[in-house]
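Subject: Structure handover

Hello,

Here is the structure I said I would pass on to you. Please open it beside this email and follow along.

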Amino acid sequence: MEMDKLYIVFAAVGAAAVIVGSFSCVYQLYRLVQVDAECRGLKHPKLWGLFAASGNGQSGLILYLIGRRKHPVLSMTEEQKSLMGRRKKRFGVGLLFVAAGAVACVLSMFLGGQMG
């Protein structure tokens, strides 16, 4: 019976990692689009960031990427370049959390099912 509890804990930790990674990815995407929209001179960059990060199936991001083609980058400071680089790395870390958490959940369900 103790092993069943271990698999439940393992699944809970995996699910928590998926949730934390997902929220991190959404926030980093919001900030990336916001900085990109500012550099392109688009009006309301925070609204563009929110629109891109909140789309169901990322349709908002796709629409932003299509719409931004008409607006070339006007100016990007070194600070903005480094900020975008850091945000991209943090997005990657968020994806790693999602992937590791998903693997942990699947393994705990598979191994826990084998025990019972």
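Which residues of α3 are buried? They are G60, L61 and Y64. Looking down the axis of α3, these buried residues fall within an arc of 100 degrees, so they line one face of the helix. Please keep in mind throughout that this is a predicted model.

Next, how α2 and α3 meet. In general, two packed helices are described by the angle between their axes and the distance between the axes. For α2 and α3 the angle is about 130 degrees, and the axes are 5 Å apart. The two helices are therefore oblique to each other. On the α2 side the contact is made by W48, F51 and A52, and on the α3 side by G60, L61, L63 and Y64. Sorted by class, the residues in this contact are six nonpolar, one polar and no charged.

Now the cores. The largest nonpolar core has nine residues: L29, Y30, V33, A37, L42, A52, A53, L61 and Y64. Helices α1 (2-39), α2 and α3 (59-67) each supply at least two residues of this core. The largest share, four residues, comes from α1. Apart from this core lies another, of five residues, among them L32, V35, L83 and M84. As background, nonpolar side chains tend to be buried together in soluble globular proteins.

Leaving out residues up to four places away in sequence, Y30 touches K46, G49, L50 and A53.

G14 sits in helix α1. With a relative accessible area of 3%, G14 is buried, because buried means under 20%. Setting aside neighbours within four places in sequence, G14 is in contact with G101, A104 and C105. G14 and S108 are 94 residues apart in sequence, and their C-alpha atoms are 8.7 Å apart in space.

The other place is around F97, in helix α4 (residues 78-115). F97 is partly exposed, with a relative accessible area of 40%. Not counting residues up to four places away in sequence, F97 touches A17, V18 and G21. Between F97 and G21 there are 76 residues in sequence, counted as their separation, and 4.9 Å in space from C-alpha to C-alpha.

V13 gives another kind of pair. This residue lies in helix α1. V13 counts as exposed, at 54% relative accessibility. V13 and L47 are 34 residues apart in sequence, with 33 Å between their C-alpha atoms.

Last, have a look at H44. Where does H44 lie? It is in the loop between α1 and α2. Is H44 buried or exposed? It is exposed, with a relative accessible area of 57%. The phi of H44 is near 60 degrees, a positive value in a residue other than glycine. For comparison, most residues other than glycine have a negative phi, and most peptide bonds are trans. H44 and G57 are 13 residues apart along the chain, and their C-alpha atoms are separated by 23 Å.

That is what was found. The structure is now with you.

Regards

Note on methods
Residues are numbered from 1 along each chain as its sequence is written. This is a predicted model: local features need pLDDT of at least 70, side-chain atom pairs count only at pLDDT 80 or more; totals for chains, interfaces and linings use all residues. Side-chain values use heavy atoms; hydrogens and water are left out. A nonpolar core is a set of buried Ala, Val, Leu, Ile, Met, Phe, Trp, Tyr and Cys residues joined through side-chain atoms within 4.5 Å. Buried means under 20% relative accessible area, exposed over 50%, partly exposed in between (1.4 Å probe, protein chains only). Contact means heavy atoms within 4.5 Å. Axes are lines fitted to C-alpha atoms, for helices over the stretch in contact, and angles run from 0 to 180 degrees between N-to-C directions. Angles under 35 degrees count as roughly parallel, over 145 as roughly antiparallel, 65 to 115 as roughly perpendicular and the rest as oblique. Ala, Val, Leu, Ile, Met, Phe, Trp, Tyr, Cys and Pro count as nonpolar, Asp, Glu, Lys and Arg as charged, and the others, Gly among them, as polar. The arc is that of the directions from the helix axis to the C-beta atoms.
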